[in-house]
Amino acid sequence: MTKKLTDARVLRSRQVLRSAAIELLSRTDRFSIAELLLKGRVTRGTFYRHYNNKADLINDVNRELIRQFTEKTEGKFRVREVLEVISEQGIFYNAVLNNGQDKSLMVDLMAALREQRDRALADVSDERLKKHLIYQWEIIVAGFWACVSLWLQDSMALTYDEILEEFREIWRVTMTRTKKTGLLLFDFDV
C-alpha cells in the first residue's frame, strides 16, 4: 500500500517538474533551478531526488514529449492527433519551432519519427521504391512542420479541420496520382 502512495507521489512530482520546465522553456532555456522550484512549488530536495541537474530534467521532458508524439505516429502519422498533442502545449511548441528554444527536442523527435518510418517501410523490398518513399516522407514532414510553425505563430487561428483541409489541399495532386507514395504513411482524415 505504501509503495503505491510513493509511486503516485513520484509521478506527481515528476509531472509538476516537467510542467514547470515546459512553461519556463516556453520563454527561455536559461532558467535557473531556483526559478524552476518557485514555478513548480517544490523543494530543492524534491528536484534532486528525481534529477541530477537541469539538463537531466530537460532530457526527461523531451523523452516524455517524444513519447506523446510517437504514440500518435506509430504505423501511420495521424496528423489530427499530432496537432492535438501540439496544441496542448502550443506556447511551448511555438517557442521550439519559431524561437529556437529546446533545440535538441526537434532533433530527437525527428530521429524517433524516422525510426518509425523505417519500421513502416521494412517490408518494402524494392530499394528504389523505398528510397522514393523516404524522400517523399521527408518532404511531407518538412511541409507539415513548416505549416505547424506558421499555425502556431498565428496563434492557432485555424481549427483542426481547417488545417487538415490545408494539408489535404497541399498534397491533393500527389495523393491522386499514384497509390505508392510517401502519403501512405500519413492519415490526414478529419
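**Note on the predicted model**

1. Among the 54 residues of the largest nonpolar core, it is Ile86, Phe144, Trp145 and Phe167 that touch the most other members. Such a core is a set of buried Ala, Val, Leu, Ile, Met, Phe, Trp, Tyr and Cys residues joined through side-chain atoms within 4.5 Å, where buried means under 20% relative accessible area, exposed over 50%, and partly exposed in between, with a 1.4 Å probe and protein chains only. Helix 8 (127–153) gives the most to this core, with nine residues. Helices are DSSP runs of H or I with at least four residues, strands are runs of E with at least two, and both are numbered from the N terminus.

2. This is a predicted model, in which local features need pLDDT of at least 70 and side-chain atom pairs count only at pLDDT 80 or more, while totals for chains, interfaces and linings use all residues. Residues are numbered from 1 along each chain as its sequence is written, and side-chain values use heavy atoms, with hydrogens and water left out.

3. Phe167, not counting residues up to four places away in sequence, touches Val79, Leu83, Gly143, Phe144, Cys147, Val148 and Phe188, contact here meaning heavy atoms within 4.5 Å. In soluble globular proteins, nonpolar side chains tend to be buried together.

4. The axes of helix 4 (residues 54–71) and helix 7 (residues 103–120) come within 10 Å and cross at roughly 35 degrees; axes are lines fitted to C-alpha atoms, for helices over the stretch in contact, and angles run from 0 to 180 degrees between N-to-C directions. On the helix 4 side the contact involves Asn62, Leu65, Ile66, Phe69 and Thr70, which meet Ser104, Leu105, Asp108, Leu109, Ala112 and Gln116 in helix 7.

5. Which residues does Ser149 touch, not counting residues up to four places away in sequence? Ser149, which lies in helix 8, touches Asn94, Leu97 and Asn98. Ser149 counts as buried because its relative accessible area is 14%.

6. Lys76 lies in the loop between helix 4 and strand 1 (77–78), and its relative accessibility of 39% is why Lys76 counts as partly exposed. Although Lys76 and Leu184 are 108 residues apart along the chain, their C-alpha atoms are separated by 7.8 Å. Lys76 also touches Leu184, Leu185, Phe186 and Asp187, again not counting residues up to four places away in sequence.
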